[in-house]
Amino acid sequence: MQRIRYSRYLKSIILLLDLVVIASVFIFFFLSRNQDILHNRDIWYENSFPLLLLISFWVLLSGRTKIYNIRRNLTYTIFIERIVTHFILFVLGLLLIRKVSNNKFFSSELSWLSLYLFSFIFITKSFIYFGIKYLRSLGINNRNVMFLSENTSTQILKSILKERKDYGYQIFEYNPDEIQMDELQYFWRNNGIHTLFLPLENTFSPKTEVEIFRLAEANKVHISLIPNISQTDLFSYDLGYVETQPVLNQIKYPLDYYSNYLFKRLFDIIFSLLVMVGICSWLFPIIAIVIKLSSKGPIFFIQKRYGFHEEVFNCLKFRTMVVNDESTTKTTSQNDSRITEFGKFLRKTSLDEMPQFINVLKGEMSIVGPRPHMLAVDNYYKPKIGRYSLRSMVNPGITGLAQVSGLRGDLGDVEVQMKKRVLADAFYVRNWSFVLDLIIILKTILLMVGGDKKAK
């Protein structure tokens with residue numbers, strides 16, 4: 001087994017650094033508004049308890065928000081979502097403490113205090129996050145892993161781990177004609193293997209599989225089981241209990257709860273109205289004129305797409321191609337000759353999607369959600385990729401987690417890229433939160449300003 005020397009200490013160091021930042025910000029604000037007590041030892045003793053109370057609250061809250069559970073494959077989007085969620089809950093807790101306490105320590109101006117606290121925590125944690133990622137991309141603090149009995153799902157995972165050097169996984173190839181337990185143990189010890197990735201649906205006999213698990217436990221090698229997304233129904237159920245009896249219950253997704261759905265829908269309406277009035281009211285006429293001047297055809301491109309529960313709706317876009325007969329059957333390819341010069345600009349900046357705010361106001365789409373595909377694309381992949389229909393459990397979005405994660409376009413292996421996109425959409429459906437939506441919107445705006453290199 002690979003020795004992990006630093007991981008258990010890293011979380012403690014990060015936690016202590018956060019607590020130092022929190023204590024420093026609070027003490028600074030307390031002193032800046034009470035300079036007369038700088039040398040008053042009694043006041044310092046009196047206010048040490050409130051500071052310890054705040055620190056304890058921060059630590060206890062982290063168990064819920066998981067901000068110190070920094071897995072190797074944690075994306076920056078989810079990382080920021082956790083920080084923002086944690087900070088919002090912390091400030092709400094601080095407000096409650098202020099209501100029930102007359103202590104001067106909590107009388108600092110909350111708006112400025114919150115701004116400074118969030119800024120310092122955000123900068124500190126982002127610096128640590130990218131610092132660790134950078135070191136791992138250089139090969140420092142790598143985790144040694146291997147695959148056995150590979151299939152489509154393990155190939156996707158291996159592709160991800162090879163592309164994302166910053167995850168810090170070093171893959172050791174092991175492809176014997178037949179598994180020999182002595183050779184396998186020697187391979188583990190010789191290469192310091194930490195994790196063995198094993199597909200749930202493998203070619204091993206039950207006896208061989210049991211022996212692999214037994215030897216892995218004896219050699220302190222972790223086993224991670226990989227479900228086959230194209231065949232298993234593993235994502236449909238959660239483990240529950242009736243007293244002590246385990247029961248698999250069909251999962252209920254966050255947006256199945258009416259309160260979450262209503263909150264998201266209200267945000268969609270308000271955000272869309274602001275965009276339509278503040279931006280689209282003057283931008284639409286400009287884009288429309290340029291489209292008309294640059295090529296013949298209509299201003300809008302209207303195409304049928306699957307929406308919530310696979311109901312078909314008319315998806316609106318600005319036309320970016322010359323009028324052609326393949327627009328409903330052929331997907332866009334690299335350097336597609338059908339795309340106009342102005343259309344390239346619209347696609348690169350995602351401005352061609354702006355008319356979809358009308359779809360949002362009509363209730364056919366959401367601001368954030370799985371991107372709707374052409375009917376032909378959905379009909380092709382639905383029987384080939386298990387849980388593909390999970391995307392239709394929520395309204396399709398103008399932007400989505402897959403798009404801001406770089407899973408846009410059909411570069412490379414199209415089948416693999418589509419499966420990665422579906423996995424990202426499934427993650428969004430199962431882990432929706434309002435903060436996650438806000439982070440995705442922010443990243444989308446940054447991509448629009450900088451231009452999306454993967455847009456075609």
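A contact here means heavy atoms within 4.5 Å. Take the contacts in the protein chain between residues at least 6 apart in sequence: 73% of them join residues at least 24 apart. This is a predicted model, so local features need pLDDT of at least 70, side-chain atom pairs count only at pLDDT 80 or more, and totals for chains, interfaces and linings use all residues. Residues are numbered from 1 along each chain as its sequence is written, and side-chain values use heavy atoms, with hydrogens and water left out.

**Overall make-up**
- You get 14 helices and 10 strands in the protein chain; these are DSSP runs (helices H or I, at least four residues; strands E, at least two), numbered from the N terminus.
- Of the 456 residues, 48% are buried, meaning under 20% relative accessible area with a 1.4 Å probe, protein chains only.

- Strand S7 (residues 300-306) pairs with strand S8 (residues 312-318) in the antiparallel sense over seven bridges; pairing takes at least two DSSP bridges between two strands.
- Phe300 sits opposite Phe318 in S8.
- Five residues separate S7 and S8 in this hairpin, and His309 in the turn has a positive phi of about 55 degrees.

**Cysteines**
- With a disulfide defined as a pair of cysteine sulfur atoms within 2.5 Å, the count is zero.
- Cys280 is buried at a relative accessible area of 2%, and Cys315 is buried too, at 1%.

Definitions and conventions. Buried < 20%, exposed > 50% of the residue type's maximum accessible area, 1.4 Å probe, protein only.
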